[in-house]
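Me: Please take a close look at one part of this model: the place where the two chains meet. What does each side bring, and what lies behind it?

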Amino acid sequence: MVSDTSRALPPVTQTAVASMAFVIAGGIYLAAYLPHQPEVVLPSVLISVGAVLLLVAGSMLLRLRNFAWDRFFQVSGWALVAYLVIAGLIEFVLLVDQTRGPLLTLMTIVLTVFAIDIPIVLGFSVARYQELPSSSPI
Amino acid sequence: MAQAVEEMPLAPAAVAGSASTAQLSVIPLRGLPIVAAVLAFLVAAIAGNWLWALDFLHVAGGGLWTGIDLFVGLVVGPIIGRMSVPARVEFSSRFMPKMVLIMPTLVIITLASGLQLSRNLGDLAVPYPNHWWLVASFIVVGVMAVIALGLLEPANLSVLFELKKPRPNGQLIGKLMRRFVYTAGITGLMQIAILVIMTRIATW
């Protein structure tokens, strides 16, 4: 058994947090226009960058070989349930308030990326410090 | 406050013997029905557009969120930093799991009820320059969300899982606790900005 703390791992957390920052910035821009329809170019760019960064974080994660996947899925599974509920409640408010069109589409993407980013950050942050059966390279 | 944490790194041997770490539960399952009941009340309040309930959830949830953040960041954090190692482990192993349930619940009831309330009261439709106060609140909450979810909560969870190990890494726990105390302090200070903005919006 080896401790993982000294192992060099790809910047999954930093990338996922950057993704979160971009989609939140896009969400703030959209929310600033509520209840009117906003201009969508800038928030679309911000949200797209956030979504791409999420894909990058996911691909870096999937390329890990020697990793505490059981712990990752344990933490990220609970976090995914929690943040799907949270994102679902905010989506529910938007639907109750008759939000429609591009604003609803973009806000749905923001909430989806947000709800996936956080479980990745939490799961990776915990799993990286878990002990592994062997010390083979990443 | 971070100085105090730095002065007292957790020794693995001292941590390993703690009885509380062996019984540590990361998510207190008994609290989940309470969370479910609060969320059901939130959904009913939003669906029914109950003004009193929305106001109650936003004010009570926001007050608790702000109060707990300030109290933990500026009062409890520095105290934990000055505790003896076994006392700090004992306190953290009982305190952190409750925070894992309480804080996300408070955040979602505050945000969801606040959004609906601002629609009902017409606050969202207020023209600029007053509208800047709303935008400022979105920005402060957004920055707090990134700090809390990207730095504070991962540190919190990592400490909890480290404490569950037969021989926890004291150096790692010390490093993560410093991050927890710093970020809790920063979000606590940002909560003061939220208090100013919200009281300004409530009285314009």
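Reply: In this predicted model, 31 residues of chain B are in contact with 29 residues of chain A. Three elements of chain B each give two or more residues to its side: helix H4 (32-48), helix H6 (85-121) and helix H7 (131-164). H7(B) gives the most, with 14 residues. By residue class, the side of chain B that touches chain A holds 23 nonpolar, five polar and three charged residues.

Now the partner. Chain A has four helices and zero strands. Its pattern along the sequence reads α-α-α-α. The C-alpha atoms of chain A fill a box of roughly 55 × 25 × 15 Å along the principal axes. Of its 138 residues, 46% are buried. Contacts in chain A with a separation of 6 or more come to 88% from residues 24 or more positions apart.

Next, the core. The largest nonpolar core has 83 residues, and A:Phe114 and B:Ala112 touch the most other members. Helix H4 (residues 101-127) of chain A gives the most to this core, with 16 residues. Leave out residues up to four places away in sequence, and A:Phe114 touches A:Met20, A:Val23 and A:Ala87. Contact here means C-beta atoms within 7 Å, placed from the backbone.

One general point goes with this. In soluble globular proteins, nonpolar side chains tend to be buried together.

Technical notes
Residues are numbered from 1 along each chain as its sequence is written. Chains are lettered from A and ligands numbered from 1 in the order in which they are written. This is a predicted model: local features need pLDDT of at least 70, side-chain atom pairs count only at pLDDT 80 or more; totals for chains, interfaces and linings use all residues. A nonpolar core is a set of buried Ala, Val, Leu, Ile, Met, Phe, Trp, Tyr and Cys residues joined through C-beta atoms within 7 Å. A residue is buried if 20 or more other C-beta atoms lie within 10 Å of its own, exposed if 12 or fewer, and partly exposed in between; C-beta atoms are placed from the backbone. Two residues are in contact if their C-beta atoms, placed from the backbone, lie within 7 Å. Ala, Val, Leu, Ile, Met, Phe, Trp, Tyr, Cys and Pro count as nonpolar, Asp, Glu, Lys and Arg as charged, and the others, Gly among them, as polar.
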